[in-house]
Amino acid sequence: MLYDHVFLIGVDGAGNFFREADTPNLDYIRAHSSYAETFDAQTAFPTISAECWGAMLLGVTPEMHGLTNGYVSDETHKRTGDVKYPSVFKLAREKYPQAKLVSYSDWNPINIGIVEDDLGVDKKTGSIVDITKYIVDSIESDEAPKLMFVQYDSVDGAGHHFGYGTQQYYHSISQIDAHIGIIWNTLRCKGLLSSTLLIITADHGGTPQGGHGGDTPAERTIYCGVFGDEIKGETIGKMDVWDIPPVIGKALNLASSPEWVGKIPNNIF
Ligand SMILES: [Zn+2]
């Protein structure tokens with residue numbers, strides 16, 4: 001099964017805490033979709049944003065890509081040209097020269113130091129409300145995006161402030177759940193659900209003390225849900241964060257990068 005669109009929604013710092021959070025929209029989407037999910041995917045180490053988003057978007061380990069929060073935040077490190085480890089956007093651009101590609105990131109360094117700057121990707125940053133408005137506008141436009149990456153940062157903020165797994169932290173996941181509901185409903189209204197693969201995941205989790213970067217299950221274990229037409233299983237097999245580019249590649253029929261260290265997990269296609 002190939003898809004016309006892939007939407008990758010990343011919730012910074014959400015780990016696998018989707019399991020305990022109150023997520024009525026996600027519950028509704030599950031009830032009205034075919035899907036597969038895992039609460040036991042593993043992110044990269046160290047469990048830091050740039051290292052993990054880099055692994056998710058480039059399909060390689062942090063040892064390979066070498067990206068850090070400081071590096072990707074530096075405007076002089078805009079990613080352009082022939083990089084050794086291309087993002088999945090680059091492969092999408094090679095396959096679809098004219099297609100709309102979108103990266104809306106609450107944490108702008110992803111759009112500086114991870115997603116290449118010379119691919120014609122529509123990049124925007126803003127609050128979670130801004131981001132969702134950009135997404136809705138993009139879906140409702142004449143041409144829905146071929147590949148859309150979205151990063152919401154507020155859950156990680158709540159984790160740092162209140163502790164991961166606290167009541168206030170779960171509340172912030174429920175808030176993002178409402179935004180996911182808006183996105184899904186916009187896809188439904190545009191008649192795009194059957195041609196879209198929707199992936200919901202996180203870059204890392206965190207500890208009750210409000211930190212991340214370490215190697216504990218609370219930091220390394222992440223949720224990944226994949227929603228689309230004719231998804232075969234309900235539980236995704238063993239999965240690592242760098243498996244996401246191969247999944248997107250298969251869904252959009254992209255060439256695969258020889259550098260990718262991941263594979264397509266079982267029970268998605
Ligand atoms: Zn993060």
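I worked from a predicted model, in which local features need pLDDT of at least 70, side-chain atom pairs count only at pLDDT 80 or more, and totals for chains, interfaces and linings use all residues. Residues are numbered from 1 along each chain as its sequence is written.

I looked up the geometry of the pair: H8 (residues 154-162) and H9 (residues 167-189) pack at about 175 degrees, with axes 8 Å apart. Axes are lines fitted to C-alpha atoms over the stretch in contact, with angles from 0 to 180 degrees between N-to-C directions. Helices are DSSP runs of H or I of at least four residues, and strands are E runs of at least two, numbered from the N terminus.

I then listed the contact residues (C-beta atoms, placed from the backbone, within 7 Å). H8 contributes Ser154, Val155, Ala158, Gly159 and Phe162, and H9 contributes residues including Tyr169, Ile173 and Ile176.

I next checked the backbone. Phe45 and Pro46 are joined by a cis peptide bond, with omega about 0 degrees. Pro46 sits in the loop between strand S2 (34-42) and helix H2 (49-58).

I found a positive phi of about 60 degrees at Asn253, which is not a glycine. Asn253 lies in the segment after helix H11 (244-252) and counts as exposed, with 10 C-beta neighbours inside 10 Å (exposed: 12 or fewer; buried: 20 or more; partly exposed: in between).

I recorded a positive phi of about 80 degrees for Asn267, which counts as partly exposed with 17 such neighbours inside 10 Å.

Key: Two residues are in contact if their C-beta atoms, placed from the backbone, lie within 7 Å.
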